[in-house]
Amino acid sequence: MGKKISLDLSLPEKRTEDTRFESRCCRSNMVICPGYGKENFDFPTVQEAVKASLARLKAKTAKSGKTDQSEDSKRSGQHRFPILHPTADGKLTTEPKGVIPQLPRSKESGVDATLFAAAEGLRLMMDDGKYTAIVAERFDDHKDKVQWAKGTLGLSQPKYMPAIASLEQQLDHLSALYLETLPRVLSVLAAQNPDVPEHQLLEAAIDTLDQELSQILSVLRIWTDAFGQLRSGNYRQLEAVVFAVEQAFHLFEGEEPAGPCGEPGTERLKTSKFHVGNVFVARFSDQGPATLPASRGPIGAHAIEVPHDEANIITLMLALYMHEFRHDIFADVEGLAEELMVVLATAIRDAVDKGEVKLSTEHATIGRNKVLMRDLLVKMFADTIGEVDADISGGVLLTGPAYLYNMLSTFSAFNSKNRGVFNTRRLLRTGSYFGFRETSSGQATIQFWPHPPDYIRAHIVAAALDEIGFGREANQCRLLADQGTGEPLPTVVTWRDEDRKSKRVIKIPVADIQALAPVVARALIRTKLKCLGDLSTGELLNWNQYRQSKVDRLVENLMAGSAEVPENMGDIHATYVAAASTLAYWGLVKSGVPARQAAVNVDRNALSMIATIRQRFENRPRPVQGQAPRIIIPTAEEVEQITGAGKGAGEGEAAGSGEGATDNK
């Protein structure tokens, strides 16, 4: 490449990693599709829908170059799908003329035109019913699920009613649009193709209209499917996911989720999609990750896509779900992504320039270009900041040391799916890819792929655990990362050019990334941010020894086959169960229990734990008007009592500082 390479630090655009490469990095286990708060989608008008449908069908016919003709239509000279010649603007300039028989006017017969009028009326009504039946096939199932939600969920949990009403309104609008548009599309086709049987024209009209409106219906289906799966009663896992995400959001927001009388509580952060008082729903599907159009969902209802293959281990995946949840917060809090990128870049530059971190080499070579290694490291962390932040501020700060065990074991499972763990040489990735994009000045800017290699992610997580006082677990994280990576351990991390014809590579010494990991962790956890009201993320989500001691009690119960949630430990959140599930599974496997059996037992009891916590949360006393939320500050004796009540599972026991933490989270 002849052009000079720049290291532009603007936030990278979201990109999908190329399926041509076997990167097998962590997949998104959960995608939250937000409800933006619009009354409706930007629905097309009937005229726009007719025009677009006809244009779509014309383009399809032109692209095929010929029409699909059955043997019958070939013999009769009639096309199965007509060649269309719609008007340029799609207007209904030609209407098929009905044949109205002349009525007899004989006074002698005493018979008037009632027969003809009555018969024509019935025919027209039957014709109307034909379209109603077509619309019913497409919408009745969705409307039925919404009606159940309205009559059952809405009554038992009124917070869902605004979202249900919004969804009902949008479905009604879309079905009415379909009902009015279909006969108009058919009438144009009939006028332009008089020799084609009506049933063939109707089939073509339905097909093109389905395609034209499918995107909107597919989006709304996410929410109706969620209600349908909830109605079945067969998906306790989804209720657990919803409750865990709700609690993660409330913990991050830092305020009571609802006011004294059930109204939304105080909103402290400036967000674009997620607001206090919003609700979450979830469905199992094959759509995660999902890409949706700009207009999404009913008002204030955020839909969670959960892969089917995690239904039987859902609680063992919840720690990673906290990582995925953080992605949405990262993108939603106004100014957070931009401010964190500046914070991170400044921290890295200062650490190197002031001698806090000494890099192994001053420069790096990319093709024929030489760049400062410091600047290349800044660029790498800036491009991958979304994942690094989600690991630290989502995984570690919401589930503590459990995140290291969850991340390393699930990444190893993902990366060995085709061959099995014992037949895979490296369970953790040690390389990735990069590309180039053009800047406005014509320079080529490096773009690292968003997921850092697994091996260095483990070292960044270890640094975060050190930062919050869990040094023993941090060391364990590094040892397990080495074990999963296998021999020989990499001395450099290699990013290859996504252009398969290129031989360009970027190599960064592992030692340099390890040296900067504590700087990165400290910056993301401790830096006060304007967008967070001059608080740091670590002040909002302060995982500490006291919280870990509660998790350890839950771990003991899960390993003993119990779903009991102690009542003498203060507040217990679903995030604690997410942590405990991973540690209990790890501990049981370490003790020799077959992994499948351990997973089944832990998941069953952890689901029951979450149900208990949810019931307690929903039945908790509400503060009276004007009364401040109750804040529990444990005494030293209480901390000692809880901490000494039980050790953690295997290497997962708590070992850190942070005594006497406020327990309002």
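**Salt bridges and a pocket in the predicted model**

Arg-429 pairs with Asp-454 in a salt bridge, with 3.4 Å between the closest N and O atoms. Arg-429 sits in the loop between α11 and β7 (431-438) and Asp-454 in helix α12 (residues 454-467), so this contact ties together parts that are 25 residues apart in sequence. Both ends are tucked away: Arg-429 is buried at 8% relative accessibility, and Asp-454 is buried at 1%. All this comes from a predicted model, which holds 30 salt bridges.

Helix α12 turns up again in another pair. Here the side chains of Arg-478 and Asp-466 meet, at 2.7 Å from N to O. Since Arg-478 belongs to helix α13 and Asp-466 to helix α12, the bridge ties together parts 12 residues apart in sequence. Arg-478 is partly exposed, at 23% relative accessibility, and Asp-466 is partly exposed too, at 37%.

Lys-159 is partly exposed at 40%, whereas Glu-246 is buried at 10%. Elsewhere, Asp-141, Lys-145, Arg-221, Asp-225, Arg-283 and Glu-305 are linked in a salt-bridge network.

Then there is the second largest pocket, with a volume of about 1400 Å³. It is lined by 33 residues, and Ser-409, Thr-410, Ala-413, Val-421 and Tyr-585 are the closest to its centre. Helix α11 gives the largest share of the lining, eight residues. By type, the lining splits into 18 nonpolar, nine polar and six charged residues.

Methods
Residues numbered from 1 in each chain as written. Predicted model: local features only at pLDDT ≥ 70, side-chain atom pairs only at ≥ 80, totals over all residues. Heavy atoms only, no water. 1 Å grid on protein atoms, 1.4 Å probe; cavity = no way out; pocket = protein on both sides within 12 Å on 5 of 7 lines; lining within 4 Å. Points joined across faces, edges and corners; volume = space filled by probe spheres on them. Helix = DSSP H or I, 4+ residues; strand = E, 2+ residues; numbered from the N terminus. Nonpolar A, V, L, I, M, F, W, Y, C, P; charged D, E, K, R; others polar. Salt bridge = Lys/Arg side-chain N within 4 Å of Asp/Glu carboxyl O. Buried < 20%, exposed > 50% of the residue type's maximum accessible area, 1.4 Å probe, protein only.
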